[in-house]
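This report describes selected local features of one protein structure. Please keep the sequence and the coordinates in view while reading.

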Amino acid sequence: MKFGLGQPFRRVEDLRFITGTGRFTDDIHYEGELFAAVVRAPVAHGVLNGVDVSAAREMEEVLAAYTADDLAADGIGSLPVIIVLDHVNGEKMPLPAHTLLAGGKVRYLGEPVAFVVATSARAAQDAAEAVMLDIDDLPAVVEPADALAEDAPELFAEAPGNLALHWRLGEIDAADAALDASARVVELELINNRIVVSSMEPRNAIGLYDAEAGQFTLVTGSQGSHMIRDFMFEGVFGLPADRLRVITPDVGGGFGMKAIPYPEQALVLYAARKLGRPVRWQSSRAEAFLSDTQGRDNASKAWLGLDAENRFTALKVETLASAGGALSAFGVYCPTLSGPPMAPGVYKVPVVATDVRIAYTNNAPIDAYRGAGRPEAAYLIERLVDKAAREIGIGPDALRALNMIPPEEMPHTTATGVTYDSGDFVRVMHKAMEAADWAGFSARRAVADGKLRGIGLAYYIERTGVPGKEGARVEIATDGAVIVHVGTQSTGQGHETTYVQMTAEALGLDPACITVKTGDTDHPIPSAGGTVASRSMVHGGGAVKLAAGALLAKASHAAAKLLEVNERELDFDDGLFRVPGTNRHVGIVDVAAKVGGLEGIGDFEQMIGTFPNGAHVCEVAVDPETGFIKVKRYTVVDDFGRTLNPLVLSGQVHGGIAQGIGQAMTERTVYDPETGQLLSGSFMDYGLPRADDVPFFSVTTQNTPCTTNPLGIKGAGEAGAIGAPPAFVNAVVDALSGLGITHLDMPLTPSRVWEAVQAAKAL
Ligand code: SMO
């Protein structure tokens with residue numbers, strides 16, 4: 001099969017993107033459209049005595065300036081909290097309202113307080129600056145540990161002590177007992193640093209309202225038009241979801257941050273209804289730094305027990321996490337349901353317990369970021385295992401191999417209740433070590449150029465997918481055009497290519513005649529879950545396979561009639577139905593033309609996650625004089641179950657590694673601890689990795705098919721960002737181990753490394 005699965009088919013969308021002819025939300029314009037600007041809190045914490053919009057409303061070109069009072073008067077509701085859990089003591093977690101505009105108090109720098117609409121973007125911006133805020137400053141608190149301290153300033157009356165959630169997985173007492181009985185306990189405290197998502201295209205929204213039909217339309221960059229509609233609309237407007245159509249055109253990056261609804265998406269709809277004209281809002285980069293949900297931001301203490309034979313006996317983790325100054329839709333998901341179940345990684349650990357406290361803090365809300373909790377779990381266990389190997393004095397690979405779940409024990413249910421269906425971890429690890437020339441490293445380490453060299457190994461596993469359904473519809477029109485409708489949303493992953501490949505293979509068609517349509521709640525598909533948690537190829541792929549199969553069944557029936565044979569006598573290959581032993585045949589496109597078009601619908605359900613896993617090997621050279629780290633080599637071997645397209649797949653892994661190294665080496669959101677002012681509010685101050693910060697990557701696969709997905713696929717989108725931080729930090733710690741350094745917290749910026757080297761030398 002020329003263009004089928006497994007082929008390095010070139011991305012069909014790239015010509016559009018690299019020639020500047022992509023169509024993003026900001027490229028779409030409507031007659032009579034208005035421009036909105038958001039007035040944002042200039043302080044991190046304060047009592048909002050008043051918002052005076054009178055001067056702004058008087059300005060030329062300005063049509064409206066809305067405050068929380070206006071929204072309340074119109075009965076506008078709050079943003080949703082999708083993940084709601086109980087405290088460990090059984091009490092409900094508090095749910096302070098996440099209003100579209102702040103009223104009464106502001107709780108993070110950049111929180112929206114007013115929404116100004118004018119006939120030009122410039123006029124809206126000028127008017128936003130004319131809105132007068134009367135705020136009494138309150139002390140701010142930006143670190144979860146500080147927020148949970150006795151005398152901390154309280155953000156929400158509903159959340160005493162700033163405790164958003166106290167949650168637990170497993171029995172702490174049992175873990176303590178198992179640790180007490182262990183021959184050795186290895187301890188580690190580490191920080192998973194707060195980072196900005198940095199999507200290439202900042203957020204945006206255009207609201208339209210058809211007063212006659214009472215219908216809203218929202219055009220917005222998102223990770224799934226259906227998700228945004230279903231999560232946000234009813235709760236905010238009190239109207240049934242079918243009154244809103246959401247359209248998502250091309251999107252420049254989401255990484256979890258665009259999976260959730262934002263105030264501005266609801267505000268453009270509100271303003272469009274009030275003003276009877278389209279209202280558009282485009283975030284600036286500065287606003288993105290302030291108001292996009294951010295990732296990670298938790299600190300953990302962990303204890304790993306080992307017996308006399310170095311087998312793991314128990315793992316206990318205590319985590320403090322930040323929620324930020326408002327509870328985002330999946331705000332509590334990452335450090336609870338997502339990360340802790342994956343705490344034991346690929347190892348047999350009989351007893352595992354995690355205690356998590358999430359605190360409200362005066363900074364941007366926290367939500368999903370590429371991996372959304374699983375990177376934290378992988379970072380923790382892979383740093384811990386590495387530290388254990390160093391304390392014992394055995395190779396990091398040897399300790400891992402000793403404790404890895406062997407393939408003959410699959411499926412394996414962890415102590416945290418997760419069932420891995422498949423995987424061959426030792427084999428993948430050894431293949432990666434071979435590809436990285438692990439054996440040759442001691443010679444490379446010996447190079448006498450003043451640099452300290454180190455090699456780091458990390459083995460990640462993650463759980464992909466959100467249990468549920470995904471729909472697809474495949475149509476062949478009478479003119480031969482093939483359209484695939486799916487509800488997942490590419491934000492750069494190349495879905496137009498991968499779904500075309502799947503459909504081309506299933507129907508034996510030329511990829512050039514297949515078009516993929518996504519990003520519209522009006523698409524005729526039975527269900528849609530959007531693109532999160534590396535689920536698109538697993539769930540959307542399953543849906544497309546079902547839909548293509550349904551279409552093929554109809555086509556086969558029709559072809560048998562046309563060829564006047566029993567359907568069972570037909571062969572189907574390369575897009576043709578043939579009667580064996582004769583020259584009678586008909587193409588599937590001709591069948592569609594003769595019967596007035598064909599369609600197939602798939603509604604695929606997968607309730608079990610897939611478990612991509614793999615080994616990352618990172619090699620670094622650290623300059624002890626400057627603290628500068630050069631990544632010399634980077635090697636990955638992944639188990640993605642089945643490769644659909646090796647080009648697209650490596651692209652996913654490359655991007656993930658860059659983001660993972662970014663978090664580990666250069667990225668960190670910095671708020672002033674006293675005032676909560678943002679000190680890293682632009683790319684001048686925030687260290688996004690650049691091309692020369694990373695080497696060429698060696699990325700290959702050693703696949704073991706997933707047994708719970710009909711295509712055998714394991715999700716691949718987040719993987720690179722999960723394996724990279726522990727591999728990188730393990731490598732740097734290895735390089736500095738001669739100085740007695742056993743741990744460094746991310747990001748390993750030159751100053752942090754230099755200071756650690758100086759401190760170690762002074763000892
Ligand atoms: S971080 Mo994702 O969109 O689950």
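In which loop is Phe-255 found? Phe-255 is found in the loop between β11 and α8 (263–275).

## Basis of the description

The model is predicted: local features need pLDDT of at least 70 and side-chain atom pairs count only at pLDDT 80 or more, while totals for chains, interfaces and linings use all residues. Residues are numbered from 1 along each chain as its sequence is written, and side-chain values use heavy atoms, with hydrogens and water left out.

Helices (H or I, at least four residues) and strands (E, at least two) are DSSP runs, numbered from the N terminus.

## Backbone features

Phe-255 is not a glycine, yet its phi is positive, at about 55°. With 26% relative accessibility, Phe-255 counts as partly exposed; buried means under 20% relative accessible area, exposed over 50%, and partly exposed in between (1.4 Å probe, protein chains only).

A positive phi, near 55°, also occurs at Glu-564, a residue other than glycine. Glu-564 follows helix α16 and is placed in the loop between α16 and β22 (571–573). Its relative accessibility is 71%, so Glu-564 counts as exposed. Helix α16 itself (residues 536–563) has 28 residues and reaches 38 Å from its first C-alpha to its last, close to the expected 40 Å; the expected span is 1.5 Å times one less than the number of residues.

The peptide bond from Met-410 to Pro-411 is cis, with omega near -5°. Pro-411 lies in the loop between α12 (396–403) and β16 (412–413). Met-746 and Pro-747 are likewise joined by a cis peptide bond, with omega about -5°, and Pro-747 lies in the loop between α19 (719–736) and α20 (750–762).

## Salt bridges

A search of the whole structure finds 39 salt bridges, each being a side-chain nitrogen of Lys or Arg within 4 Å of a carboxyl oxygen of Asp or Glu. One of them pairs Arg-245 with Asp-522, the closest N and O atoms being 3.3 Å apart. Because Arg-245 lies in strand β11 (residues 244–247) and Asp-522 in the loop between β21 (514–517) and α16, the pair ties together parts that are 277 residues apart in sequence. Arg-245 is partly exposed, at 29% relative accessible area, and Asp-522 is exposed, at 51%.

Asp-230 and Arg-229 form another salt bridge, with closest N and O atoms 2.8 Å apart. Asp-230 is partly exposed at 41%, whereas Arg-229 is buried at 16%. In the salt bridge of Asp-449 with Arg-453, the closest N and O atoms are 3.0 Å apart; Asp-449 is partly exposed at 35% and Arg-453 is buried at 11%. Salt bridges that share partners also join Arg-40, Arg-203, Glu-264, Glu-287 and Asp-292 into one network.

## Surface charge and a buried strand residue

Glu-60, Glu-61, Asp-126 and Glu-129 gather in a patch of negative charge on the surface. Such a patch is made of residues with over 30% relative accessible area and no salt bridge, like charges being joined within 9 Å. Glu-60 lies in the loop between α2 (54–58) and β3 (62–67) and is exposed, at 74% relative accessibility.

Val-617, in strand β26 (residues 613–622), is buried, at 2% relative accessibility. The C-alpha atoms of Val-617 and Val-733 are separated by 14 Å, with the two residues 116 residues apart along the chain.

Notes: Patches are made of residues with over 30% relative accessible area and no salt bridge: like charges are joined within 9 Å, nonpolar side chains (Val, Leu, Ile, Met, Phe, Trp, Tyr) within 5 Å. Accessible areas come from the Shrake-Rupley method with a 1.4 Å probe; for residues, only the protein chains shown count as cover. Lys and Arg count as positive and Asp and Glu as negative; His and the chain ends are not counted. The place of a charge is taken as NZ of Lys, CZ of Arg, CG of Asp or CD of Glu.
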